[in-house]
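Work through the exercises below with the sequence and the model side by side. Try each task before you read its solution.

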Amino acid sequence: ADQNTYAVLGEAVAGALRHQNFDLKTVVFTNAEVVADAHHIMRVLVEMDPQARTMIAVGSGTITDITRFVSHRTRNRFVSMPTAPSVDGFASIGAPLIIGGVKTTVIAHAPQAIFADINVLTAAPRAMIAAGFGDMLGKITSIADWRLGRLLWDEPYDETIAERTLQAAQRCIDQAAAIGAGTPAGIRILMEALIESGYCMLDFGSSRPASGSEHHYSHVWEMKLLRENRPAILHGAKVGVATVLVAGVYEQIRQWSRQAVADLLESAELPDRTQEMAQIEAAYGHLAADILQEQAPFLNLSTAAYATLKQKILDQWPEIQAIAAQVPTAQDFGELLQQVHGPTTVQALGLTAAEQILVEQNAHYLRNRFTVRKLNKVLNPPRLSIP
C-alpha cells in the first residue's frame, strides 16, 4: 500500500488478517509519489522472505502493478483490492513498468481475486474517478486503432474481445452523469467496466485491446515528466485528453474522399530513415536505441513494401472510413469528460502546446503497432489544428 491507501483500506485489511492470526508482513510506501519502477520494486523485494506468501495489493494501478510483478517473479499469488476506480489494469496480466526510463509492459500474471469495496470506491477522490472514466473512453480509439492494425499491418485480432471492450466503454458513456455524481450505481458500473477491460487484455494475452494511440500519448508524456522530475499526472486523465486529440485525427479521415487520399499517397515518399532516427533521438534522448529497435519493422520498410502499404491503404479506404465513423467526435469526448469533471485539454493537464506537438509527431514510435497516427505518418497531411 501507500500511505493514502493504507489509511483508507490497508489498515483495516491488516487488522483483519492479524485478528485471524495470519503471518503478516506489510510494505507501506511513504513517499509522496509512488512509481512502478526499479526503486519501488526493490523496496518490496527487500521486505520479502523465503516463505511462500499471498501478496495483497491495496491501492490503484501503480500499487497493483508493483505487486503483480513482484509476486510473479517470486512465484507467489496475489490479490487485488482497488481503492479507486481509476485504471483498467486490475485484472490484467501486464504490468506497465518504467524500465530505464521507458514505459514497458511486462507480462506477469492476473490476481487470484479482486475485492472492491463500493464504499471505499465512492469515497475516492473525484479526480481518480474521472481518470477511470477517461481510461474507459480511450477504449473506443484503441479498438479503432486495433482494427486499423488488423487491416493494414496484419496484427492479431479478436472481434469478440473488441466488442466486449466497446460494450464496457459504452456502459460507462451511458452512465456518465451517475459516474460524475459519484453514485454507488455509477461507480459500480465504472469499476465493473474497468475490470472487464482487464479481462479482455487477459483473454487476448496483451494490452492491444485497451491501448492505442491515446495510451501512447499518455506514456510519452509520463516518461517526459519523469525525466524532468515533474509531478505525475493521473494516467486516465492523460488518456482522456489524448482520446480527444486522437478523435480529431479520425474526424479528418472521415472527411477525406478516396481521391483526396490517392493524391496524398501519390506524393507521399518513404520516410528518410536518417531523418526519422534523428527525430526519434531528439524526442526520446538516451532511450532512442530501444525505440529504434522497437520500430524496426516500420522504419526498415523497403521501397516495394512501402508501395504495397500505400496501395493497401487506398484499396481499403472505405473500410478505414467505416472504422473512423465508429469514433465519436473530439467535441463529443470533451463533453463526456466534462460530465465527470475531468480535464479535456492539454493545458488543463498542466502540459504545453509543445508537449502536444511532441506526442502527435513521436508517440507512434513507442510501440510496434499500427495506429491512426502511423496511418497519418504515411499520408503525411498538413498538421491538424485541434482545440
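The model is predicted, so local features need pLDDT of at least 70 and side-chain atom pairs count only at pLDDT 80 or more, while totals for chains, interfaces and linings use all residues. Residues are numbered from 1 along each chain as its sequence is written, and side-chain values use heavy atoms, with hydrogens and water left out.

**Exercise 1. Describe how the rings of Trp146 and Phe204 are arranged, and say which cluster they belong to.**

Begin with the rule: rings of Phe, Tyr and Trp (its six-membered ring) pair if their centres lie within 6.5 Å, and planes under 30 degrees apart count as stacked, over 60 as edge-to-face and the rest as tilted. The count by this rule comes to 6 aromatic pairs. In one of them, Trp146 and Phe204 have ring centres 4.9 Å apart and planes at 75 degrees, and the pair is edge-to-face.

Trp146 belongs to helix 5 (residues 126–153) and Phe204 to helix 8 (residues 184–204), so that, at 58 residues apart, the pair links distant parts of the chain.

Then compare their surroundings, using the classes buried (under 20% relative accessible area), exposed (over 50%) and partly exposed (in between), with a 1.4 Å probe and protein chains only. Trp146 counts as buried because its relative accessibility is 0%, whereas Phe204, at 24%, counts as partly exposed.

Finally, ring pairs link Trp146 and Phe204 with Tyr157 into a cluster.

**Exercise 2. Describe the largest cavity and the residues that line it.**

On a 1 Å grid over the protein atoms alone, a cavity is a set of points where a 1.4 Å probe fits but cannot get out, a pocket is an open set with protein on both sides within 12 Å along at least five of seven lines, and lining residues have an atom within 4 Å of a point. Grid points are joined across faces, edges and corners, and a volume is the space filled by probe spheres set on the points.

There is 1 cavity of 30 Å³ or more, and the largest cavity holds about 40 Å³ of space. Its lining consists of Leu270, Pro271, Phe298, Leu299 and Leu301.

**Exercise 3. How much space lies in the second largest pocket, and which residues lie nearest its centre?**

The space in the second largest pocket is about 670 Å³. Among its 28 lining residues, Leu24, Lys25, Thr54, Met55 and Ile56 lie nearest the centre. Helix 1 (3–19), helix 2 (38–47), strand 1 (54–58) and helix 3 (61–73) each supply at least two residues of this lining.

**Exercise 4. Trace the contacts of Arg77 and Arg53 beyond their neighbours within four places in sequence.**

Contact means heavy atoms within 4.5 Å. Arg77 is in strand 2 (residues 77–81), and it is partly exposed because its relative accessible area is 48%. Leaving aside those neighbours, Arg77 is in contact with Arg53, Thr54, Met55, Ser71 and Gln112.

Now turn to Arg53, which is found in the loop between helix 2 and strand 1 and counts as buried because its relative accessibility is 16%. With the neighbours again left aside, Arg53 is in contact with Asp23, Lys25, Asn76 and Arg77.

Note on methods: Helix = DSSP H or I, 4+ residues; strand = E, 2+ residues; numbered from the N terminus.
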